[in-house]
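Thanks, everyone. Let me put the structure up, and then we'll walk through it.

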Amino acid sequence: MKIWTRAAAAALLMTVAIPASAAECIAPANPGGGWDFTCRQIGRIMTELGLVPNMVQVTNLAGAGGGVAYTQVVSKRSSDPEVFVAASSSTTTRLAQNAFAGATADQVRWVGSIGGDPGVIVVAQDSPFQTLNDLVEAVKADPASVAFAGGSAVGGYDHLKVLMLLNEAGFDDMRAIKYIGLDGGADAITQTVGGFAQAMTGDLSEITGFIRSGDVRPIAVLSEERVAGFDNVPTAKEQGIDSVSMNWRGVYVPKDISDEDYDKWVDMLRQVGESEQWQAVMAENGLESYALFGDEFEAFVNQSIADVQDISREIGLVQ
Amino acid sequence: MAFPPEWGSKIMETLANLAMGFSIALTPYTLMLAIIGCFVGTIIGALPGLGPSNGVALLIPISFSMGLDAISALVLLTSVYYGAMYGGRISSILLNIPGDEPAMMTTLDGYPMAKQGKASEALVVSGVASFVGAMLATIGLMIFAPYLARVAYQFGPAEYFALYMLAFCTLGGIGSSNQAKAAMAAAIGLGIAMIGLDKTTGMPRFTFGELHLMDGVDFLVAIVGLFAVAEVFHFIESHGKDSAIGVKLGKILVPWRMLKQTSGAMLRGTGIGFVAGVLPGAGASLGSFLAYMAEKSVAKGADKASFGKGNPKGVAAPEAGNNAAAGGALVPMLTLGVPGSGTTAVLLALLLTLNITPGPLLFAERPEVVWSLIASLLIANVVLLLMNVPMVKVFVKILSVPAWVLLPGVTMIAFVGIYSLTGSSFDMLLMVAFGVLGYVMRKLGIPTVPVILGILLGNAMEDNLRRAMVLSNGDWWYLLSSPIAIGLWIAAIVGFVAPIFLRRILKKPAVPHDPTLNED
């Protein structure tokens, strides 16, 4: 009987009225992606820690790579203290490339980041490339001979990882680097294992299964230090190329909420980030700790945007 | 593919695993969830505008708030998934409005059958075809999944491009007997597909600065507009005289002879659909389309000519095809984490939220999840066969209310369905615009199915062509660089040329060309 009352209550909640006081997390994409994951996990942990009175309502507001949600928050909900939005490196990348119809990063308030997904470069098991330097040398010798596959469109974060890495390695003809954008990391791996692309760039979390099954071989992880659980994968830094790409997972809130409300969100997010539950989630999903909050995080966002703008200019994506 | 040496023990292992799956999935509680899921799914599928993907997406939060464990949530949602695939055909046959996009092909012969007073036969044949397709596909998934995952590795940009070419080359004979009109409709669809962010350069195209157009036009918006809204316009104009709405249904009898006659079509449809489902870039719509076209091309003489006018094979093949593809699409989703369709993308989301990461190790690491999922698919299938053949009247009742109730209902569901999908009023306006387009096209005798196909496949086709060009540094011969690609190109060329020659042979007095057939 109990389950029925709960089901009925849930159905009622879905269809009739959502209490105005409930915290809401907007995932700017369809269920299944990283943003949806961020919302659902943060929401679950906030409820479990008792930081919010009710369940956190997750709203999927897909479109324009996060642009629909962004402009909606800016234009329609700019003073709503109960809403927070999942964000990641993709959000700042697109803001930097002016892909949100003129919206800019200062139109919202950046709360913090609680985890990061280290970038990784993998090759097929039978690939001739053994180290990152083998791959970089091959690109330098003949850029047309190496195609990178990634889960984002041209100009997206997976593409930029490769560009920033090769730039750091001393290769500066950005436009000569071959990159094909597919629908998500798993798709990109399939093309790499099939031998259609020579290397794949993505986030570690989307690749863990394929690494452990032996279908692909990681040749570099783009983090500061080696990642726990993948101790035999060297960082790019160790191999002499100082390039770090962390796809951070964090949130932003509307611009015009009060400072108290903003501080409340920063505090709540910090508690989630420090909770045992979040540590478990990170361990299970191949995320690394990447904690930045408040002003520190706002400064980091502005710096990332400036970096992406530089490189996007070089490949001609922005003028 | 060579059989592994340990074939015999493999079968034993599979059966043991399956028994384990049933022991988890077959409790009275999960059985109840399966029945609820199948019922809700069939309704969601039957209602135009609410398809399997938004149905499943809407139910995810409910399953969480009910506090279901991983297995129960999976049972509920896969039942909804399969249920929607069954349900889609009901409104295709009775209303000429596909309940979901793969059921599009079922309108071509299902609705003419209903008009001829054979609605119940059409429903039973398509119900059984759905069962055959889904059942065999589930068994295929069970036995071959780990090996089939490798098939996806054989398909690169060149192969996918050839596959889409095959679809467009065989499109000529669809719905209308006028090839030029079908080609024009496909061109409209391809044109619409060009709207949005260009993946290869990252530049927006034809978006006029409108953020809602950045991701392109959602095919669900197009399909609901072109079919459901256009049907409403048509109904208003004709005062209900010449509209699909209001088809009467007689007694449900099992037409054994018709089932026997269409069994070949079901099996062929299942094979084609399953393969299409296994390929991540193809999916159920392509599966049902290719199944229909293949069935039409193997038919001969008068049988061939009756396609599009109520041939039961034209109902059996695409229904078997789309349900087999739904099962097949679970293969790349479970073994590679690549969703082959919108609905499997939502199921993937569910698994991830439950902390189950699909991938090459899922079968080895979480056998209890995989096998209880398979067991629940088999259970759902049996439940659905019972619901959709002996009890189909229940669902038909929902659709056979008087026109003054049904029509506002269809309109409302269309709007709510589209709004729930995208949450934007822009898409609702777009849907109405598609309704107007669909109405005009119907007046001009231009089939609408190719428009949807163009929107559905146009993007993927272009992306793959351009990826191929990037990989080959602009060498067009790359498109013919593998045996699979060459085989698909040959099939495409044969599919394009054959009808032109066959028509000459077929143009005998026995099969008179009837110009009035262009009308619908």
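Some housekeeping. This is a predicted model, where local features need pLDDT of at least 70 and side-chain atom pairs count only at pLDDT 80 or more, while totals for chains, interfaces and linings use all residues. Residues are numbered from 1 along each chain as its sequence is written, chains are lettered from A and ligands numbered from 1 in the order in which they are written.

Back to the helix pair. Helix 4 of chain A spans residues 89-96, and helix 11 of chain A spans residues 294-314. Their angle is about 55°, and the axes are 8 Å apart. Axes here are lines fitted to C-alpha atoms over the stretch in contact, with angles from 0 to 180 degrees between N-to-C directions. Helices (H or I, at least four residues) and strands (E, at least two) are DSSP runs, numbered from the N terminus.

Who touches whom? Contact means C-beta atoms, placed from the backbone, within 7 Å. Helix 4 of chain A brings A:Thr92, A:Thr93, A:Leu95 and A:Ala96. Helix 11 of chain A brings A:Val301, A:Ser304, A:Ile305, A:Val308, A:Gln309 and A:Ser312. By class, that contact has 5 nonpolar, 5 polar and no charged residues. Ala, Val, Leu, Ile, Met, Phe, Trp, Tyr, Cys and Pro count as nonpolar, Asp, Glu, Lys and Arg as charged, and the others, Gly among them, as polar.

Now the domains of chain A. Domain 1 covers 2-116 + 247-314, and domain 2 covers 118-222. These bounds come from an automatic or database domain assignment. The domain centres, over C-alpha atoms, are 28 Å apart. Domain 1 of chain A gives 14 residues to the contact, and domain 2 of chain A gives 13. On the domain 1 side, helix 4 and helix 11 of chain A each supply at least two residues. Helix 11 of chain A has the largest share, 4 residues. That side divides into 3 nonpolar, 9 polar and 2 charged.

Last, the two chains. Their contact takes 44 residues from chain B and 42 from chain A. On the chain B side, helix 15 of chain B gives the largest share, 6 residues. By class, the chain B side has 23 nonpolar, 18 polar and 3 charged residues. Chain B itself has 22 helices and 2 strands.

How values were computed
Two residues are in contact if their C-beta atoms, placed from the backbone, lie within 7 Å.
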